Amino acid sequence: MAPTSLPLNLNFKITATATKLPELPENIRNSRVLVLGGTGRVGGSTATALSNLCPDLRIVVAGRNREKGEALVAKLGGNSGFARVDIDDINSLETALKGVDLVVHAAGPFQQAEKCSVLEAAINTKTAYIDVCDDTTYACRAKSLMSRALAANVPAITTAGIYPGVSSVMAAELVRAAESESEDKPERLRFYYYTAGTGGAGPTILATSFLLLGEEVVAYNKGEKIKLKPYSGMLNVDFGKGIGRRNVYLLNLPEVRSAHEILGVPTVSARFGTSPFFWNWGMEAMTKLLPSEYLRDRSKVQRLVELFDPVVRATDGFAGERVSMRVDLERSSGRNTVGIFSHKSLSVSVGISTAAFALAVLEGSTQPGVWFPEETQGLPIEAREVLLNRASQGTINFAMNRSPWMIETNPKELGLGIYV
Ligand SMILES: NC(=O)c1ccc[n+]([C@@H]2O[C@H](COP(=O)([O-])OP(=O)(O)OC[C@H]3O[C@@H](n4cnc5c(N)ncnc54)[C@H](OP(=O)(O)O)[C@@H]3O)[C@@H](O)[C@H]2O)c1
């Protein structure tokens, strides 16, 4: 299958309905996609987005909870079904993958997971694979299966959600635009993320956040790897239209390492912030009060989640679930560029973003092997614009390669004096 080839416009600006998406060929429209964690928010949203983008797809919603799975299947309609799968049971996994063209793994948390059982099963059954992993150790372990994926001729992309995922592709495009101008080099890349409340995501995302607070933050400063305290280094960042200024804090996220190593940017960091503001204070307090070993223990964190989940759901009711990603690139020429992506709902846009990666793999864009979204073997340059077009459907603000003042509500105060 040839990747969709469109002329690439480095300054493209895409709004909710402006761009006509390419029609999918019949063999892709009839593909069978299994969505693991399909009974959860991210997986369920991915299944819904796939069904909206391509109603003929045969979607298998997979998870342990039949009742939730069948409720979603009833909404998706005729071409979908449910499969009971436990990712810790390799037999049930491999049985479910028979006859499947692509598996989407959204059954997190990925933090502190012992192995990449879904990717291994995908390789054993010769099934194409993507995941919405947001953990550095897990993503590196997935990459270590490269030779097995190559030998089995299986294409796989790890960290293929919204952030990391779409944000990684935005970074790759900012860097490519900078490098296309002679004498200009990318110097510093910063990922800024904001999500209101949990963004309507499931309890697993709460566990993910707590587990991340137990990890030292890896960042890069002028080519050197440095380790920083989690939820430190606060910056007040302008996310522009529909979001405004928000406080964001350092977190250990896999796109920092992949952007540094693959895109060759010497200084890279990632920051995240939430609202209402007291959740940021709560996260900061947790890193100060709880030992990091406690925050890295999945069973202890699960108990914390059970304690906090009802309160978080209650505040989600008024916090909303807006999401915004701002990717900033500083260049040697002094001409800095920004990509911005904002949506009213994380739980909707994470599904659309993941579905965009799923369609790219089904279209044959991805070579055999295990790739990050920034790698051209995972997503060739010609496929990036199609992916960003699909992923940005329904956004309230999406623009690439802009000067910071073009997207900011108050451009003067941006993050001065902070190093990474
Ligand atoms: N990269 C990104 O952009 C991005 C963004 C947001 C979230 N995420 C990640 O996405 C993951 C899912 O988040 P969420 O909000 O969707 O969580 P969620 O609503 O709690 O859903 C998690 C799902 O995983 C399933 N699951 C858990 N353990 C399983 C197992 N052993 N076997 C089979 N299924 C299992 C659960 O299914 P059952 O209940 O049926 O067992 C549940 O439906 C998290 O790890 C989160 O960090 C990534």
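**Domain arrangement, helix packing and backbone geometry**

P109 is placed in the loop between β4 (102-105) and α5 (117-124), where helices (H or I, at least four residues) and strands (E, at least two) are DSSP runs numbered from the N terminus. The structure is a predicted model, in which local features need pLDDT of at least 70 and side-chain atom pairs count only at pLDDT 80 or more, whereas totals for chains, interfaces and linings use all residues. Residues are numbered from 1 along each chain as its sequence is written.

The peptide bond from G108 to P109 is cis, with omega near 5 degrees. A cis peptide bond also leads from Y163 to P164, with omega near 0 degrees; P164 is found in the loop between β6 (155-157) and α8. In the loop between α5 and β5 (128-131) lies K126, a residue other than glycine whose phi is positive, near 55 degrees. As background, most residues other than glycine have a negative phi, and most peptide bonds are trans.

The domain assignment of the protein gives domain 1 (26-161 + 347-391) and domain 2 (166-346 + 396-413); such bounds come from an automatic or database domain assignment. The C-alpha centres of the domains lie 23 Å apart. Across the boundary, 27 residues of domain 1 are in contact with 33 residues of domain 2, contact being defined by C-beta atoms, placed from the backbone, that lie within 7 Å. On the side of domain 1 that touches domain 2, the elements that give two or more residues are α2 (41-53), α6 (136-143), α14 (346-362) and α15 (381-391). The residues of this side divide into 12 nonpolar, 9 polar and 6 charged (Ala, Val, Leu, Ile, Met, Phe, Trp, Tyr, Cys and Pro count as nonpolar, Asp, Glu, Lys and Arg as charged, and the others, Gly among them, as polar).

According to an unreviewed UniProt entry, residues 33-149 carry the annotation "domain: Saccharopine dehydrogenase NADP binding"; UniProt positions are given in the numbering used here, feature names are shortened, and annotations may be inferred rather than shown by experiment. The span is 44% helix and 20% strand, and its end C-alpha atoms lie 19 Å apart.

Helices α2 and α14 pack at an angle of about 60 degrees, with their axes 7 Å apart; axes are lines fitted to C-alpha atoms, for helices over the stretch in contact, and angles run from 0 to 180 degrees between N-to-C directions. The two helices are therefore oblique to each other, given that angles under 35 degrees count as roughly parallel, over 145 as roughly antiparallel, 65 to 115 as roughly perpendicular and the rest as oblique. Their crossing is right-handed, the near helix being turned clockwise from the far one by less than a right angle (anticlockwise if left-handed). Among the residues that make the contact are R41, V42 and S45 of α2 and S347, V348 and V350 of α14. By class, this contact has 10 nonpolar, 6 polar and 1 charged residues.

Helix α8 (residues 166-179) and helix α10 (residues 254-263) pack at an angle of about 30 degrees, with their axes 11 Å apart, which makes α8 roughly parallel to α10. The crossing of α8 and α10 is right-handed. In this pair, S167, S168, A171, A172 and V175 of α8 meet E255, S258, A259 and L263 of α10, and the contact has 5 nonpolar, 3 polar and 1 charged residues.

Methods: Two residues are in contact if their C-beta atoms, placed from the backbone, lie within 7 Å.
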